[in-house]
Amino acid sequence: MARLILRRAVAGVAVLWGAVTLTFLAVALTGGNQVDSILGPDSATVPGLREQVAAQYGLDRPLVVQYLDRLGSLLTGDLGWSYQRNQPVTRLLADQVLPTLTLAASAAVVGAALAVLLAVATAGRGGLVRRVVSLLEALVVALPPFWLGIVLLSVFSFGLRWFPAFGADGVAGLVLPTVALALPIAGVLAQVARQELEVAEGRPFALSARARGLSERQLLLRHTLRHALLPVTTLSAWAVGALVGGAVLVEQVFSRPGLGRVLVEAVKHRDTPVVTAVVVLAALVFVVTSALADVLYPVIDARLRTEVR
């Protein structure tokens with residue numbers, strides 16, 4: 001187990017380093033000048049102001065030096081200073097992280113639960129219901145969450161008026177954004193879980209269990225379902241990381257508080273410290289959930305306990 005944790009820690013550091021590096025390069029290689037973005041069109045012509053701002057934020061130094069300085073600051077837990085908001089990034093994000101993580105977590109739980117229910121209900125069965133469910137799963141996987149959010153808003157907020165439209169707090173305001181994010185994830189997980197269930201139901205241990213008199217429900221709960229949960233657990237780690245990124249766009253559609261609005265403004269004004277902090281946060285969520293998935297494998301399947309020792 002200690003070796004597994006060490007491997008995951010090294011891989012996690014590599015993922016975070018890659019996220020920081022790619023974000024820095026993406027912002028640096030984008031056209032335009034960061035100093036001009038900070039000053040805006042009205043102040044850019046004041047004599048000496050550009051040089052003063054560039055020196056204040058360290059933007060007059062070579063890119064390599066700026067990159068190493070960014071890495072060093074992140075290693076000490078310093079997320080930097082927002083060019084646009086003129087305040088520490090930590091303080092800027094402190095009030096916005098919780099709504100985004102709440103939305104991503106609720107979507108992950110709903111998506112995983114819906115996927116297991118769909119897989120159990122349709123595994124090993126043919127007919128029209130199976131084909132319709134499979135078609136709907138493929139459809140929602142192909143649709144972007146923000147588009148689903150617009151459709152849900154039009155139907156359930158503007159049309160039926162069952163849920164608030166924009167900027168609502170509480171559970172009622174969380175329902176539609178959660179569904180918009182959870183449906184594509186559920187579509188992916190359900191297809192994988194169903195396939196794994198059908199494979200497990202044909203294996204020798206399943207035949208042996210039926211021969212011992214276990215009903216199909218007992219076979220599902222005691223044996224085959226845990227096989228389906230392994231790939232679902234693996235994909236859930238990926239899904240949580242993807243949900244944090246998807247939540248940013250869905251928050252914009254529903255005008256919810258969170259990292260979405262902050263990130264859009266930061267990208268628009270080339271506020272590199274804020275963009276880097278949001279990307280690092282999403283990568284960190286992915287790393288943590290992947291590590292948790294590795295820890296859960298031996299709990300779900302006892303055969304894996306000897307492999308991690």
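Rings of Phe, Tyr and Trp, the last by its six-membered ring, pair if their centres lie within 6.5 Å. In this predicted model, the count by that rule comes to two aromatic pairs.

**View 1. Phe 24 and Tyr 67 form a tilted aromatic pair.** The two rings are 5.5 Å apart, centre to centre, and their planes stand at 55° to each other. Phe 24 belongs to helix 1 (residues 2–29) and Tyr 67 to helix 4 (residues 63–75), so the pair ties together parts that are 43 residues apart in sequence. Buried means under 20% relative accessible area. Phe 24, at 7% relative accessibility, therefore counts as buried. Tyr 67 is buried too, with a relative accessible area of 16%.

**View 2. Phe 156 and Trp 162 form a tilted aromatic pair.** Here the distance is 5.7 Å centre to centre, with 40° between the planes. Phe 156 has a relative accessible area of 25% and is partly exposed. Trp 162 has a relative accessibility of 58%, so Trp 162 counts as exposed.

**View 3. Helix 5 passes helix 8 in a right-handed crossing.** Two packed helices are described by the angle between their axes and the distance between the axes. For helix 5 (residues 89–122) and helix 8 (residues 170–201), the axes come within 6 Å and cross at roughly 40°. That angle makes helix 5 oblique to helix 8.

**View 4. The contact of helix 5 with helix 8 is shown by residue class.** The contact has 19 nonpolar residues, along with five polar and two charged ones.

Conventions: Residues are numbered from 1 along each chain as its sequence is written. This is a predicted model: local features need pLDDT of at least 70, side-chain atom pairs count only at pLDDT 80 or more; totals for chains, interfaces and linings use all residues. Side-chain values use heavy atoms; hydrogens and water are left out. Rings of Phe, Tyr and Trp (its six-membered ring) pair if their centres lie within 6.5 Å; planes under 30 degrees apart count as stacked, over 60 as edge-to-face and the rest as tilted. Helices (H or I, at least four residues) and strands (E, at least two) are DSSP runs, numbered from the N terminus. Buried means under 20% relative accessible area, exposed over 50%, partly exposed in between (1.4 Å probe, protein chains only). Axes are lines fitted to C-alpha atoms, for helices over the stretch in contact, and angles run from 0 to 180 degrees between N-to-C directions. Angles under 35 degrees count as roughly parallel, over 145 as roughly antiparallel, 65 to 115 as roughly perpendicular and the rest as oblique. A crossing is left-handed if the near helix is turned anticlockwise from the far one by less than a right angle, and right-handed if clockwise. Ala, Val, Leu, Ile, Met, Phe, Trp, Tyr, Cys and Pro count as nonpolar, Asp, Glu, Lys and Arg as charged, and the others, Gly among them, as polar.
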